[in-house]
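Student: Please take a close look at one part for me, the pockets. I would like to know what lines them.

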Amino acid sequence: MFKPLFAALLTLPVAIAAQAATLDSNQAQARDIFSHLIAFKTEIGQGQVPVMVKYLADQFRAAGFPESDIHIIPHGETAAMVVRYRGNGTGGKPIALMAHMDVVTAKPEDWQRDPFKLTEENGYFFGRGTEDIKSGVTVLAANFIRLKKEGFVPTRDLIIVYTGDEETTQDTMQDLVEHHRDLVDADFALNTDAGGGELSEAGKPLVYGLQTAEKAYASFELTTRNPGGHSSLPRPDNAIYELADALKKVQGYSFPVMWNDTTLASFKALGATTQGKVGEAMRAFAQDPHNTAAAEVLAAEPSEVGKTRTTCVATLLRGGHADNALPQSATATINCRIFPGVAVSTVQKTVQDLVGPKVEVNLVGKAISSDASPLRPDVLAAVTKAVHTIRPGVAITPEQESGATDGLYYRAAGIPTYGVSGLFMKNSDAFAHGLNERIPVKSFYNDLAYWHVLLTTVAGPSSAK
Ligand SMILES: [Zn+2]
C-alpha cells in the first residue's frame, strides 16, 4: 500500500517542476494572469468586466503601483481601467498602451473545449480572448509588473488604457477621450489589438505589419416611400422598384482612388512577394498611384479593393407588407468602409447625390472616421528593434486595416495610434471572434518579450530628450 502511494506522490511534483522549469518567473507570472483573465466571461451582458478590473487592480497594487495611479472608470455594466506608470519626464509626453478586456460572445456547447478556461494543448493556448485580446491585456500588465520589479523608471509616463466594450459599442473608449482626456492624453498610442506578424504554414515568419490607419465603419439605410394601394391597380411609381433603381446606382459607383504613405509602403512591400498581375499592379501603384490601370487591377481583387478607396455595399433588405398590396416603403442597408481622412458626412452626401432626393439616406447609429497616423521614425525604429529581438530580420511594413478598433477614437481625438501587436500567427490559426480561438504558446511568450523591449526602448534611457 505504502509504496504505490509514495510513487504517486513523487510523480506529481516532478511533473509540475518539469513544466515550470521551462518558464522563467516573468513568464510564469504572465501565464498565471492570462489564465485568470480567460476565466472571466467578459462577453456583453455578463457584467464581468468590472470583476476582471478588480482582479487586475489587485495585481497592479501588489506590484507597488499607488492607488492614485490605478483608475477604474465604471460604464454601465462594463468599465474602463487606466494605470499610469510614472516616468521622470525627460522623454516628453506620455505614451498610451491599449487593449480591450471584453470578448466576443462564445457558446460553450459549440466549442471543443471550455472557452472560459485557458487550455494549453499541442503547442497552443485555447480559450476565448487568447488572440483577441486578453493576450494583449496580459502582456501589458505583466510587463508593468516586471518593469516595476526591475526598478525601471521610464523617461515618460506609460499609461495602460484598458477598455470594456471594443467588440460592441466602443463607448468606453469614446468616453475616455471625451470626458477623461487628462487621464489618457498621450503623445501617441500603441495598440495591442492590431498589427502583428504572419507565419507561413511551416511556421516561418513572413512579414510584420505595423498598423497606422483603420477604415471607418458606417451603415446607411436607403428608404423609399409610396402611398401604396391594391396590387390589382399598379401605379407607375413603386417603392420597391425605386429602391432597386437606387441600389443599382450604388452598385455601379466606384469611390475615387485614394492613398496615403501606408498604402504606398504596404503595396511596395507586398508587391515584392506577390506573383502575377496583382503583384505587378501593386508595384506599379506603389511607384505611381495615378496609374489607373494598376488601380483597376487592385480594385478587381476582393482582398485589395478596400485598400485604395471607400467602399459601400448592400447588406440588408426589407420592404412591402403583403403580397397583394403595393409597397408603402422599402429599405436597404448599405455598409460603408471609409478611407482614412474622409468624413462620414461626405460619404453620406455622395450616396444621397447618387440615389437622388426621393430616396431617404440615413446614418444607422453613430459613426466616426479618422485620419491615418503619420509613420513616426521613432515608433518604427522601436517596433523594428522589438520585432527583430523575437524574429530576427523579418520585414516590417505599414498596413491599413479594413476593420476598426478602439484605436479609431484615439486617432480621431488627434493622438497618432499604432497597432503593434507582437503576436505572430499562421493564417490557419486565426480564429478570433470564431470557434476554438487559439494562439501558439511560443507566440504568447514572444509577445511578452517583445513588449518588454518595446517599452524599454520607447521610454528607456536613450529616449530622453
Ligand atoms: Zn480586438
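Tutor: A pocket is found on a 1 Å grid over the protein atoms alone: it is an open set of points where a 1.4 Å probe fits, with protein on both sides within 12 Å along at least five of seven lines, and lining residues have an atom within 4 Å of a point. The model is predicted, and totals for linings use all residues, while local features need pLDDT of at least 70 and side-chain atom pairs 80 or more. Residues are numbered from 1 along each chain, and side-chain values use heavy atoms, without hydrogens or water.

Start with the largest pocket, which holds about 1400 Å³ of space. Its lining has 44 residues, and nearest the centre are Ala194, Gly195, Gly196, Glu399 and Glu401. Two or more lining residues come from each of strand 8 (196-199), strand 9 (205-214), helix 8 (261-273), strand 16 (395-401) and strand 18 (424-426); helices (H or I, at least four residues) and strands (E, at least two) are DSSP runs. By class, this lining counts 15 nonpolar, 18 polar and 11 charged residues, with Gly among the polar ones.

Now the second largest pocket, with about 390 Å³ of space. It is lined by 17 residues, and Thr168, Gln170, Tyr217, Lys366 and Tyr409 are the closest to its centre. Strand 10 (216-225) and helix 13 (407-412) each give two or more residues to this lining. Strand 10 gives the most, three residues. The lining of the second largest pocket divides into eight nonpolar, six polar and three charged residues.

Definitions and conventions
Points joined across faces, edges and corners; volume = space filled by probe spheres on them.
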